[in-house]
Amino acid sequence: MNHIDEKTIVSVVLLAGKILLESGAETYRVEDTMTRIARHYGLPRTHCFVTPTAIIFSVSREAPSQLLRITERTTDLEKIAETNEISRGITADTISIHTAQEALEDLDASNLQFQYWIKVLSAALVSGLFLIMFNGSFYDIFPSIVAGGFGLLVAEFIQQHTRIKFFAEFAGAFVIAITALFFVNFLFGVSLNKIIISGVMPLVPGVLITNAIRDLMAAHLLAGAMKGIEASLTAFAIGTGVAVCLILL
């Protein structure tokens, strides 16, 4: 295997790992996918170490390691599924390495996220359904829908402009609490607590918590602990936003 071939393989391996990690895949899934691709192309002694913020990869003990920094992470199950399909195609020899590289580059550059208004509408609908699940009053359904949609709208807007997740979630929870107070005190609403709890559910990091537990169970203790801490900070931001609103108002 010549140097150019090895360089192409490493590029494909790192790109696949980058897409998976940025899209919210579990750490062990990222390492397993990268190792399988490298092994298929004749690199059986690779070393791969993945954390939520970085990928370190080396083709052997003697070869220099390559570091890939991960600065942005989200939840994009479609990108994870597409990357897995490309990985399966590689190991099944149904696509060439150059075709796989082009497909991964196109996938990395694409934006498969739902449109802004769809996210807000979905958050509003989910909040109303959670209110029903919590056995809330019929009169609280509409307030929870408005609070949940408005809260995610504010959180997404701040996230896009500040890139600080804590502030975005804090502001979103604060707005949800204000909306709930407004409905209960001035319009119609029965249970302030249930409206707030239903409204903040779209902000709760469910996927992050699940991945943290799965990484811990797979003995990826560092990655699992880091994701657990990140999820805890998100929960703290949500709780703080609601608490500050209730204390001030």
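Predicted model: local features only at pLDDT ≥ 70, side-chain atom pairs only at ≥ 80, totals over all residues.
Trainee: How do I read a pair of aromatic rings?

Mentor: A pair of aromatic rings is described by the distance of the centres and the angle of the planes. This structure holds 10 aromatic pairs. Take Phe 166 and Phe 167: their centres are 6.2 Å apart with 70 degrees between the planes, an edge-to-face pair.

Trainee: And what kind of pair do Phe 182 and Phe 186 make?

Mentor: A tilted one, because their planes sit at 40 degrees and edge-to-face needs over 60, stacked under 30. The ring centres are 5.7 Å apart.

Trainee: Where do Phe 182 and Phe 186 lie?

Mentor: Both are in helix 7 (residues 165-186), four residues apart, which is about one turn of the helix. Ring pairs also tie them into a cluster with Phe 142, Phe 183 and Phe 188.

Trainee: Is Phe 186 buried or exposed?

Mentor: Exposed, because its relative accessibility is 62% and the cut-off is over 50%. Phe 182, at 42%, is partly exposed.

Trainee: Which side chain of opposite charge is nearest to Asp 140, and how far away is it?

Mentor: Lys 194, 7.0 Å away. A salt bridge needs the charged atoms within 4 Å. Leaving aside residues up to four places away in sequence, Asp 140 touches Leu 131, Gly 189, Val 190, Ser 191 and Ile 195.

Definitions and conventions: Residues numbered from 1 in each chain as written. Heavy atoms only, no water. Buried < 20%, exposed > 50% of the residue type's maximum accessible area, 1.4 Å probe, protein only. Lys, Arg positive; Asp, Glu negative; His and termini not counted. Contact = heavy atoms within 4.5 Å. Phe/Tyr/Trp six-rings, centres within 6.5 Å; stacked < 30°, edge-to-face > 60°. Helix = DSSP H or I, 4+ residues; strand = E, 2+ residues; numbered from the N terminus.
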